[in-house]
Amino acid sequence: MTATDRSIELVNAAAQAAADRLAHDIIAYDVSDVLSITDAFLLASAPNDRQVKSIVDEIEERLNKELDAKPVRREGDRDARWILLDYVDIVVHVQHSEERVFYALERLWKDCPELPLPEDAQKTRGKSAERQQGESAEPARAAGTPDGELS
């Protein structure tokens, strides 16, 4: 069994919405062969709680407006570290970058086929790693010299 056309349509719209809100590392898996409760998982992350919430709000609004789809369940709003939107056909996980690394959902679903995503969503791969490398260079530059040594 593979993900239905409706599931793929929902995944693509959600992935594009997440990319438009600058989500990182967007990926989707066809889990229909291993789970009977849903066809696909969409994973995305963001560097802070406010952006996690913004991404989720955009996904929810876009799917409602464009595809007349509303989640049957929304969990994790209170802390906005990991928000789950359950559309029955798909489940969307938007995680704070730290939770994404800690829980490593990709590791759980790596044997499931990846679903193709819109180009904007594909371009988000590796963004959180790039961002972390950029942040680790900032304190060195702030110390005074370009290589981070004190003069």
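This is a predicted model: local features need pLDDT of at least 70, side-chain atom pairs count only at pLDDT 80 or more; totals for chains, interfaces and linings use all residues.
A residue is called buried when its relative accessible area is under 20%, exposed when that area is over 50%, and partly exposed in between, using a 1.4 Å probe and protein chains only.

Residues are numbered from 1 along each chain as its sequence is written, and side-chain values use heavy atoms, with hydrogens and water left out.

Val-88 sits in the loop between strand 4 and strand 5 (90-96). Helices (H or I, at least four residues) and strands (E, at least two) are DSSP runs, numbered from the N terminus. The phi angle of Val-88 is near 65 degrees, a positive value in a residue other than glycine.

Ala-80 also has a positive phi, near 55 degrees, and is not a glycine either. Ala-80 belongs to the loop between strand 3 and strand 4. With 6% relative accessibility, Ala-80 counts as buried. Gly-76 is placed in the loop between strand 3 (73-75) and strand 4 (82-86), and Gly-76 is partly exposed at 34% relative accessible area. Contact means heavy atoms within 4.5 Å; leaving aside neighbours within four places in sequence, Gly-76 is in contact with Arg-81, Trp-82 and Ile-83.

Now for the interior. In soluble globular proteins, nonpolar side chains tend to be buried together. A nonpolar core is a set of buried Ala, Val, Leu, Ile, Met, Phe, Trp, Tyr and Cys residues joined through side-chain atoms within 4.5 Å. The largest one here has 32 residues, and Ile-26, Leu-42, Ile-59, Leu-63 and Val-92 touch the most other members. Among the elements that each supply at least two residues of this core are strand 1 (24-30), helix 2 (49-67) and helix 1 (5-20). Helix 1 gives the most, with eight residues. Apart from this core lies another, of 10 residues, including Ile-27 and Cys-112.

Our last stop is Ser-45, found in strand 2. Ser-45 is buried, as its relative accessible area is 1%. The side chains of Ser-45 and Arg-100 are joined by a polar contact of 3.3 Å. Such a contact is a pair of N or O atoms within 3.5 Å; within protein, one must be able to donate a hydrogen and the other to accept it, and residues adjacent in sequence count only if both atoms are side-chain atoms.
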